[in-house]
There are 2 protein chains.
Amino acid sequence: MIGLDRLALNQATTDRWSVAEAVDGCQRAGIGAIGLWRRQVGEAGLAESVAAVRRAGLHVSSLCRGGFFTAVDPDARAAAMADNRRAIDEAAALEADVLVLVSGGLAGSGKNLPAARSLVADALDELAPYAQKSGVRLGIEPLHPMFCADRCVVSTLGQALDLALPYPSATVGVVVDTYHVWWDPDLDAQLARAGDRIASFQVCDWVVPLPADMLLGRGHVGDGHIDFRRIAAPVEAAGYRGWVEVEIFNEKIWATPGDETLRTMKDTFARELG
Amino acid sequence: MIGLDRLALNQATTDRWSVAEAVDGCQRAGIGAIGLWRRQVGEAGLAESVAAVRRAGLHVSSLCRGGFFTAVDPDARAAAMADNRRAIDEAAALEADVLVLVSGGLAGSGKNLPAARSLVADALDELAPYAQKSGVRLGIEPLHPMFCADRCVVSTLGQALDLALPYPSATVGVVVDTYHVWWDPDLDAQLARAGDRIASFQVCDWVVPLPADMLLGRGHVGDGHIDFRRIAAPVEAAGYRGWVEVEIFNEKIWATPGDETLRTMKDTFARELG
């Protein structure tokens, strides 16, 4: 059982809202935390975003996102590293619980999947000291294997944990998003193994058929095939007591008024996880 | 290196061809084996299909497919079991190397994934003795995790092996299809573990973006992101010396004349695997 006092809005769910609108929406809905996206934070300005969440007394459960570590070209790689350092600075300013990292797809490695995966390990090695110094926790997010080619070569929670383990848990953790991991026959074992590495728990549902753009096929909690309690139980058993973000990429939900989306979020969260 | 003498046509690649047309096409192209589908075998008649492959001296590398074990309703379950026994009879008559099994999605189990997965184990328990008596090898095929909800709750090679191991290897093996397993960080270890359990090796490529119907997004070997040699090497090292089927679901390829498709298959196979 997870109470509504741990429900957080991930800004991707109300993609059309600016930071200020999302902050106001959370206040109206009595939601205590928000996962912010760098695009909207950039549009609002970092200082203004910090001021907005502070004024509202809103906690920042995550900043989304850094990563995209798989460029092979030295200039592209240097640019990615610089951008990730900026993302760490932003996460520090926002006092976000975690900076979510999506590793990037095959990209410059062509068809060499092991090579692309080792570029992710290299990037973490470079970023972890900077994150530690900045007091920012990095969260490696495994994405569903269907995104392996074009978006994220980290495909399982086990793999994310292998990448995180060389670093202090306070510096590098993992992100558990039900959409990406629900199918994994090894999930319970990996959640037990994760322990205090779980830096973020995100929820949305798997709805079939998927739409043409696979990125946008996610549904409200309860609308699809995922048994949320079955995943939440080992997340809790691992010791996770943090915020639970509802993060949904879905054109229809984006076209819905934000306040209505937040009401639906609260209802479905209470029903499926409360 | 895999020679063209091990190349087989899976009939799904030339979906519009009848059994007789596919057999003739293989003969014209000098392809020595064919993976048949039950729909086309049913349309042609089993006896006629057996006669066609015998007359042509063509080996049947697989029969596709049995499975769909996840119905909970007793009548639906009994019907599925009866259909799988018929599939075993057909595989025996065709002297197919393997009857490919796709487990079925969540179906009647609702959101209970572990329950659906245990129904697959139960079904194997019921079918394995019949397959053994019939001299037919069952091949459990893990499908890509994106099909977990609606088509196949067996999502990894490791899981397929766990299901196969209680039975003699000659009775229950696994099917390795590059499209379904290429992303798996545990693939090499599981292929080594598989040893003589590998009952079929199927190849096609992962092309992005996927089309609206995810089933039909596969590409010719070499057209996408899969490194075929990297997967073929541990398959060979595990001891697999059987046929390698090209199995592609793709509307554009289906609209191409079959002889042209077979030429492309031979060229790309020689380039990417030869």
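**Buried rings and paired strands in a predicted model**

Q: Why does B:Trp206 count as buried?
A: In this predicted model, the relative accessibility of B:Trp206 is 0%. Buried means under 20% relative accessible area, so B:Trp206 counts as buried.

Q: What makes B:Trp182 buried rather than exposed?
A: The relative accessible area of B:Trp182 is 2%. The cut-off for buried is under 20%, while exposed requires over 50%. B:Trp182 is therefore buried.

Q: Which kind of aromatic pair do A:Tyr179 and A:Trp206 form, and why?
A: The structure holds nine aromatic pairs over all chains. One of them joins A:Tyr179 and A:Trp206, at 4.9 Å centre to centre and with 35° between the planes. Ring centres must lie within 6.5 Å to pair, and planes under 30 degrees apart count as stacked, over 60 as edge-to-face and the rest as tilted. The pair is therefore tilted.

Q: Where in chain A do the two residues of this pair lie?
A: A:Tyr179 belongs to helix α7 (residues 178-181) and A:Trp206 to strand β8 (residues 205-206). The two are 27 residues apart, and the pair links distant parts of the chain. Both A:Tyr179 and A:Trp206 are buried.

Q: Why are B:Trp182 and B:Trp206 called a tilted pair?
A: Their ring centres are 6.0 Å apart and their planes make an angle of 45°.

Q: What does the pair of B:Trp182 and B:Trp206 tie together?
A: B:Trp182 lies in the loop between α7 (178-181) and α8 (187-194) of chain B, and B:Trp206 lies in strand β8 (residues 205-206) of chain B. The pair therefore ties together parts that are 24 residues apart in sequence.

Q: How do you know that strand β6 of chain A is largely enclosed by the rest of the structure?
A: Strand β6 covers residues 172-177, and six of its six residues are buried, so the strand is largely enclosed.

Q: Why is strand β6 of chain A said to pair with β5 and with β7?
A: Pairing requires at least two bridges between two strands. Strand β5 (residues 138-140) and β6 of chain A share three bridges in the parallel sense, and A:Leu138 stands opposite A:Val172. Strands β6 and β7 (residues 198-203) of chain A share four bridges, also in the parallel sense; A:Asp177 has A:Gln202 as its bridge partner. Both cases therefore meet the requirement.

Notes. Residues are numbered from 1 along each chain as its sequence is written. Chains are lettered from A and ligands numbered from 1 in the order in which they are written. This is a predicted model: local features need pLDDT of at least 70, side-chain atom pairs count only at pLDDT 80 or more; totals for chains, interfaces and linings use all residues. Side-chain values use heavy atoms; hydrogens and water are left out. Buried means under 20% relative accessible area, exposed over 50%, partly exposed in between (1.4 Å probe, protein chains only).
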